[in-house]
Amino acid sequence: MIIKMKAQELRQLFFDFFRLKDHNIVPSAPMVVKNDPSLMFTNAGMNQFKDIFLGNQQPGFRRVANSQKCLRVSGKHNDLEEVGHDTYHHTMFEMLGNWSFGDYFKKEAIEWGWELLVKKLEIPEDRLYATIFEGNKEDNVPRDDEAFAYWEKCFSRPEGRIIEGSKKDNFWEMGETGPCGPCSEIHVDIRDDEERKRIPGIDLVNKGHPHVIEIWNLVFIQYNRRSDGVLEQLPSKHVDTGMGFERLCMVVQGKKSNYETDIFQSVIKEISAITGKKYGVNEKWDIAMRVIADHLRAVSFSIAEGQLPSNNKAGYVIRRILRRAVRYGYTNLGVEEPFIYQLVTVLSQTMGNQYPELISGKEQIAKIIHEEETSFLKTLGKGLKMIEKMIDELEKEDKSLMPGKIAFEMYDTFGFPVDLTQLILKEKNMQLDLKGFEDEMKNQKNRSREDASVETADWTIIRNIEGTEFTGYAKTEDEVQITKYRIVRVKGKEVCHLIFNKTPFYAESGGQAGDTGHITSGNEKIAIIDTHKENNLIVHVAKKIPFDPYAKLIASVDTEKRLMTANNHTATHLIHFALRSVLGNHVEQKGSLVTPDHLRFDFSHYSKLSKEEISKVEILVNQMVRENISSKIISGVSMEEARSMGAMALFGEKYGNTVRVVGFGKSVELCGGTHVDSTGNIGVVKIISEGAIAAGIRRIEAVTALKAEEYINEKLNIVNEIATLLKSTGNIVESVEKLLSENSSQKKIIEKHEAVSATRQLKSLIDKAVIINNIRFISGKIDIDSSDVLKNIAYEFRNSSDNTVLVIGSESSGKANILVLVSDNLLKERNINAVNIIKEIAGEINGGGGGQPFFASAGGKNPAGIERAIVKAADFLKKP
Ligand code: ATP
Ligand code: MG
């Protein structure tokens, strides 16, 4: 009998089990990955330990276990399309894992896995199957006899329980290159006894049956794959395991679907309550409810980590996940109003215990989801109208196939989902040219692949030294040695990546841009154009490899830029502090960018900052600058110590990290960046803009020091120039106001004169009127500048004449203007329309126009055409 328990208890049991086996229980790393160009989201528990497997980092502990937030929606692991349609793949899920870094290996990993599932949780062993690697000749890897032997000892009747699997299922690789090894999976059969008798479970393993599924994967990392494809033995062997927590819950709670466990039930009930539709009645509704319950988690966790929906990279993936949820709600459940945001409360109640960021971020998460829902629902509405129009056009042409290009444009430009397009077409008995659509998609993918194409060669090892010591807090120049290098081709251009034993170059992180500078060796000087992190490595991007890569080099940071960056970074901290003082403690950092030229700071706050608030912030910051507060920086403190020093905890620290605390008076932050020694260096801080970037998130941009001086001087110069132009010695604002009011009264005087003149000119045109087709045709040029005056005169004339068409042209600053007025009776009785006339003649002045049936006008670039236009108007009236 399986021991029944709640999700929370089960997670705890896993931790306790491995704690007793001397494992250190560590927190989940963030789900949104930073500092790894090859990965957007954590997709397995091992991601945060990559550096250990690669040999770039020494493990803090030899045995570790945890529950890791994973997201499988892009790249190598992409389960998005399955989610909701099946009952056991999620976008975001928790992966329980235990690790050995060069410690225990296959024997313990297998025995403990068995002990937990069979002895502790009492899952009957006749429901379990184990897979092992069958071996591969090409790679020269034998069948995993070891793993087989250990499994044989676990099962009391091992016959038909241990299955050999191919490279595809049972050989794990981190990527094209790097650590890899055979793996052994545990599958569980949760079908009813009758079903199990009918079809043996062994026939269903790895066949996509929803009730015979993999729950635990034990990976034995023992090889490294080189870029030439050859495997070499790793000096120390590791264990990496991953078990889907939601799937384990399903098994333990005796359910047939992950969504029936207590992890999802409260959210699903809430969806039912809001939509008035029951779960388990209608397959279409069920799919939508599963999609929404699942995507809610992915999106909420992402926002809680500070990754908001946006238009590119990780943010775009999150936006698309949320839109998928909205769309299922819209099409399957018929909800046309935002509602997913309402589920955040229940979610934070269910999962906040393990992930407190869901509780503290609750309001913000709901707000952002609400805004996204609202705007996407609008898109859907607009898209639906567009599709209807297209369908009308197709119907008119008697066609029933919509070109793929149209569906692609709808998808690409408006985010309008193609399956929805198909659905609507189907309702109208029409079809989409799906192949055409897919071709367009493929083209686009190829285009972006070419844009992003990066070829990376293997590292060439110069010296066997692990990691890089960062000496840049104290120095901007250091004597260094290359430990390894590689060539990287980005969009056809070659650069080289250099790793040193130590470096004064700061690698881009925490919003601060990477250092630039150069390295010298003898007479050779090579520019370093950027510095970034790749996991634990500090990568210097250089134009070429030094002539002698074994030689000692002098690495020199561009000190001027470094200082400008430090000014901006410290200013960012001061602005953060000042914002909290002025606006309140709800202000939290949501992102930042610090470059030599300027700084950007994103923070949570719900309304636009008033001029006074901005000014208060600026005054407070500059006051702190003048106080010339010295920095107080302490490295290597634990999170607890940092918190007790008053540092605000930032999200995104990995297990084992100690932190660095940067203080300037009352401003205390966790930060790895480079700062000024004392705030006086900054000189002055000037805020240059403030605006919204998402619901409840605002952005401030500012400049400091020389850049602030330049900014202020530029503004002052403008003021001075204006004063000179105005010959103003006193208050220029008053001078400008005076100028404006003089200007407007003069304009009035001119218009009065022009009106008199225009009336006179019009009168002489009236005298020269001709009769065409029983219509009095008044036409000619009037020489005045203001088209408004002309319009007024024409309007006045309208009331006083029947049977008349008036066409007058004027010219002002090289541009032509034509007015057409038609008497009301002509419009009524003979259907003569001013708009038709203007359309007929506007081409003559190289322009276009329009208006109302009795009055229309056109502007154009060719005054010489006015006369021809008038002739054309006369011709128009001559027609019967
Ligand atoms: P599957 O074949 O079922 O997709 P997988 O081979 O992709 O699984 P692994 O990469 O080995 O799975 O991940 C380890 C464990 O994580 C799996 O045994 C499973 O329990 C769980 N898991 C994997 N993908 C998902 C997912 N999308 N949702 C929930 N759990 C998952
Ligand atoms: Mg999978």
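Let's start with one pair: Trp172 stands opposite Gly181 in strand 9. Two strands pair if DSSP finds at least two bridges between them. Strands here are DSSP E runs of at least two residues, helices are H or I runs of at least four, and both are numbered from the N terminus.

A word on the model. It is predicted: local features need pLDDT of at least 70, side-chain atom pairs count only at pLDDT 80 or more, and totals for chains, interfaces and linings use all residues. Residues are numbered from 1 along each chain as its sequence is written, and side-chain values use heavy atoms, with hydrogens and water left out.

Back to strand 9. Strands 8 and 9 make a hairpin, with 4 residues between them. Strand 10, residues 212-225, also pairs with strand 9, antiparallel, over 10 bridges. There, Pro179 has Asn224 as its bridge partner. Then comes strand 6, residues 128-133: 3 bridges, again antiparallel to strand 9. Tyr129 pairs with His187 in strand 9.

So is strand 9 buried or exposed? Of its 12 residues, 178-189, 12 are buried, so strand 9 is largely enclosed by the rest of the structure. Buried means under 20% relative accessible area, exposed over 50%, partly exposed in between, using a 1.4 Å probe and protein chains only.

Last stop, helix 13. Glu388 lies in this helix, residues 362-396. Glu388 is partly exposed, at 45% relative accessible area.

Note on methods. Chains are lettered from A and ligands numbered from 1 in the order in which they are written.
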